[in-house]
Amino acid sequence: MSIRVTDNMRYQTVVGNMFTIQRQYSEVMEKLASQKQINRISDDALGSSQLVNFKKTRADIAAYLKNAGDAESWLAMSESTLSDAQDLLVNAGELAVSQSSATATAASRKIVAQNVQALYDQMMSLANSELGGRYLFAGSRTDVQPFSSGFQEAKTDEPAAPTGNSYTGAVTKDGAYTGSDNKSFVVKIVDGGAEGTATYRLSADGGKTWGAQSNPGDLTGAIGLGDGLTITFAAGTFAAGDVFYLNAYAPGHYQGNGENLSISVGKNTSAVYNVTGEEAFTARGKNGVDVFQVLADLKAALENDKPADIAAQIDKLTGAREQISQTVAKTGAAAKRLEMTKNTLEEMNQSITTMVSDIEDADIADLATQVAAKQVALQACYEVAARIQNNTILNFLE
Amino acid sequence: MSISSLLNVSKDAMLSYRLAMDVTGGNISNVNTPGYTRQQAVFAATGKVNAKAASAQLSVKVENIDRMFDGYTEMQIAEQAQKAGAGEAKNDMLARVEIVLDETNGGKLNDVMSRFWSAWGDLAVNPAGGVERDALASVGQEMAAMFNSYGDQLYDLQMNANDTIRNTVADINVYAGEIASLNKEIGRISSTSGEANQLLDKRNEALKELCGLINCQYIEGANNSLNIFLTSGKPLVEGDASYGLVLKKSPVSDFHDVVYQETGEVINPFLTPGKGKLGALLDVRGRVIPEYMASLDEMAGTVMNKLNELHRQGFDAKRNLGGDFFVVVPEGSKNYARDIELNSAILADSGRIAAAATVAGDGEQATAIAALKDELLMNGGQATVSTFYASLIGQVARDVAEAGRNSEYQANLLTQLNNQREGVSGVSIDEEMMNLIKYQLGYNAAGKLCQVVDEMMETLMNMAR
């Protein structure tokens with residue numbers, strides 16, 4: 001403070017202090033009203049930055065939990081369906097045992113054959129179960145009914161050209177499919193142009209992995225896809241990104257594929273949540289038993305009244321039951337893992353919520369004290385302001 | 001000394017005290033005038049004393065009316081006004097940037113991005129789901145719109161700074177002109193006896209205002225003139241001439257450069273960010289906001305390119321290969337944040353979202369895209385999109401807080417210096433009252449002297465009777 005105290009100085013000092021205290025007061029009031037420690041990012045730069053990360057992590061966890069929930073219902077549905085299938089096989093096994101004995105007659109076998117047909121139909125409907133419009137046991141082809149009721153030899157669909165292709169020429173296939181499982185072959189055009197200049201790449205797993213790029217001109221003749229199949233394009237103009245695919249099926253009932261469905265339940269963590277129809281119901285399963293084949297064979301043996309053939313199915317039925325039982329165990333284990341993952345996620349959610357709260361939320365008790373202190377200061381300030389000119393020489397001049 | 005000359009002494013004293021009281025009255029009436037400098041009558045004894053000749057011809061006169069003024073403090077104030085002006089301007093601008101990027105209440109970019117990635121996760125669980133596809137397209141559009149809005153708002157702030165720069169330059173020209181014409185006036189008046197006091201106060205006020213606006217230096221020149229120079233060395237005011245600044249559209253940006261009219265030289269680089277409103281505005285417009293914008297562009301661009309790359313490898317609901325998910329309009333624009341948009345093909349048909357890695361229609365590609373949120377895509381593989389954004393928010397928050405603190409600090413220093421100036425130049429009513437009493441007493445005493453002389457005269461007259 002300088003030696004001379006002038007009037008302006010006094011006013012300015014009081015007004016300046018009043019503003020400072022009023023600002024502090026309204027800051028505290030703002031926090032108290034919003035119940036938040038950070039009301040704009042500059043209130044706490046580090047905290048704001050952490051909040052962005054924490055809130056993102058919290059949203060991630062919510063998404064993971066939702067995924068896990070979806071997968072859990074899928075798994076529960078799969079498990080109960082497979083258990084039912086298991087029961088059907090137990091039932092079929094009992095019928096086979098009873099009808100393979102000498103006490104059974106041709107007539108009883110005829111009747112039981114009808115029962116087995118009913119079991120077969122039930123099994124088919126179980127294997128074609130849906131959840132929310134998606135087939136449970138079709139691998140990743142969840143929009144395709146996975147099992148056909150009759151046995152089918154190896155076959156291929158007609159080559160399909162998606163509607164967005166610019167090539168409009170005819171695509172023809174040739175050859176008999178010799179592969180041992182269901183595949184989708186895909187031809188993707190890399191460089192566009194007429195058939196003499198365009199190039200392509202080939203995938204035998206639906207487009208997941210791609211072969212090397214072809215040479216220009218390779219599109220003119222028949223293109224070997226592998227497994228005995230070829231595909232031929234009529235003359236035309238291709239554009240880069242045109243896609244053609246061909247579904248091929250191994251002999252049997254199955255029309256899905258062997259791909260797993262997975263969801264992410266954490267950073268870089270995914271969980272498989274499906275059982276493919278292939279591993280549960282076809283000869284490509286662990287025990288190598290085609291469930292539908294066994295039931296069909298059983299039915300035929302019953303109808304034909306051949307006890308030896310009936311007895312031959314008993315072991316196979318046991319094998320089929322075990323095969324399905326293994327997949328039930330698989331769903332159980334997956335559900336257990338998901339449960340654990342969910343618990344971990346919930347815990348993480350808890351601790352992140354606590355951390356967010358620590359940064360973001362106001363300490364009400366502390367703020368209330370501060371408000372009281374600021375009020376006193378503000379009152380004192382007004383008091384001083386009111387008295388600022390109470391004492392001057394003017395009061396003493398007559 | 002004759003008796004009659006004693007009457008003259010009394011007259012001198014009464015006139016002097018009256019003048020002093022006039023000055024005091026002026027001080028009292030100007031107690032609240034901004035920039036007013038307290039004035040003081042300076043008394044001086046006149047005449048000579050010779051005891052041998054029994055002669056003492058003493059009297060008084062008001063020799064000068066002083067302007068109570070501390071040149072050093074004034075210089076400090078002019079310097080500090082530059083810093084305070086810059087601090088305030090930067091704080092104002094950054095507080096508005098903060099509003100754009102305020103993440104405290106949710107519903108902003110961080111939220112939308114989280115929902116965007118979650119929507120990809122949802123689609124991965126049900127790749128054929130029309131609802132999931134529509135939800136993803138909608139949140140994708142929302143995210144693009146959020147980037148656009150951030151970019152546009154930052155650009156608007158730059159434009160706003162550009163307008164403020166225009167007004168500031170106009171103000172600078174006005175003050176420079178005012179100082180030049182005051183220089184002329186002051187030069188005309190011989191300033192020794194106080195006639196120029198009011199003009200000097202006015203010029204000082206104009207100088208302080210000018211210093212708040214632009215980084216400059218001043219020296220006092222011939223004829224009491226105040227010469228002001230820019231840091232480029234060019235004069236803004238020299239004697240009674242002022243030199244204007246003009247704005248010229250920059251060849252490299254949408255904004256204006258500040259140009260020294262006389263030579264056409266661009267003076268932007270000479271305007272220090274920390275001194276003067278103009279320098280601070282140029283810094284915010286040309287460096288601070290573009291840095292934030294570049295970060296946003298990098299984020300939007302990276303998300304767009306990485307996502308498109310994966311999206312083009314996937315298959316859509318109709319088994320076509322995916323196209324671009326996000327595009328920039330106009331094509332090839334580098335202003336990713338301002339120009340990013342959801343591909344119109346996807347907007348028209350959410351079936352074009354490529355969620356599948358194979359023609360089987362699985363959700364693997366959507367899973368892969370959702371996983372981008374945790375990939376270290378930014379800062380050369382050092383940060384995820386989210387942590388990059390978090391550090392941008394942290395950076396902005398720090399800059400804003402720093403600008404706020406600096407502005408407050410510089411304003412406090414200015415207040416202190418102003419108080420110091422008040423201590424020298426300000427009017428104290430109490431002091432003026434004391435002066436009034438003092439001068440009134442002197443005036444009364446001089447009147448009494450006159451009365452005494454009158455009585456002495458009468459005595460003389462009576463002696464002759």
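1. The crossing of α3(A) and α5(A) is left-handed; a crossing is left-handed if the near helix is turned anticlockwise from the far one by less than a right angle, and right-handed if clockwise. The model is predicted: local features need pLDDT of at least 70, side-chain atom pairs count only at pLDDT 80 or more, and totals for chains, interfaces and linings use all residues. Residues are numbered from 1 along each chain as its sequence is written, while chains are lettered from A and ligands numbered from 1 in the order in which they are written.

2. In chain A, helix α3 (residues 106-127) and helix α5 (residues 291-303) pack at an angle of about 165 degrees, and their axes are 8 Å apart. Helices (H or I, at least four residues) are DSSP runs numbered from the N terminus. Axes are lines fitted to C-alpha atoms, for helices over the stretch in contact, and angles run from 0 to 180 degrees between N-to-C directions. α3(A) and α5(A) are therefore roughly antiparallel to each other (angles under 35 degrees count as roughly parallel, over 145 as roughly antiparallel, 65 to 115 as roughly perpendicular and the rest as oblique).

3. On the α3(A) side, the residues that meet α5(A) include Val112(A), Val116(A), Leu119(A) and Met123(A); their partners in α5(A) include Phe292(A), Leu295(A) and Leu302(A). Contact requires C-beta atoms, placed from the backbone, to lie within 7 Å. The residues of this contact of α3(A) with α5(A) comprise twelve nonpolar, one polar and four charged (Ala, Val, Leu, Ile, Met, Phe, Trp, Tyr, Cys and Pro count as nonpolar, Asp, Glu, Lys and Arg as charged, and the others, Gly among them, as polar).

4. In chain B, helix α2 (residues 71-100) and helix α6 (residues 277-313) pack at about 30 degrees, with axes 8 Å apart. That makes α2(B) roughly parallel to α6(B). The crossing of α2(B) with α6(B) is right-handed. Among the residues in this contact are Gly85(B), Ala89(B) and Met93(B) of α2(B) and Gly279(B), Leu281(B) and Tyr292(B) of α6(B). The contact divides into nine nonpolar, two polar and two charged residues.

5. The contact between the chains takes 59 residues from chain A and 53 from chain B. On the side of chain B that touches chain A, α3 (109-125), α9 (364-370), α10 (385-425) and α11 (429-463) each supply at least two residues. α10(B) gives the most, with 18 residues. That side of chain B divides into 23 nonpolar, 20 polar and ten charged residues.

6. Chain A is divided into domain 1 (24-140 + 274-398) and domain 2 (156-250), with bounds from an automatic or database domain assignment. The centres of these two domains of chain A, taken over C-alpha atoms, are separated by 39 Å.

Methods
Two residues are in contact if their C-beta atoms, placed from the backbone, lie within 7 Å.
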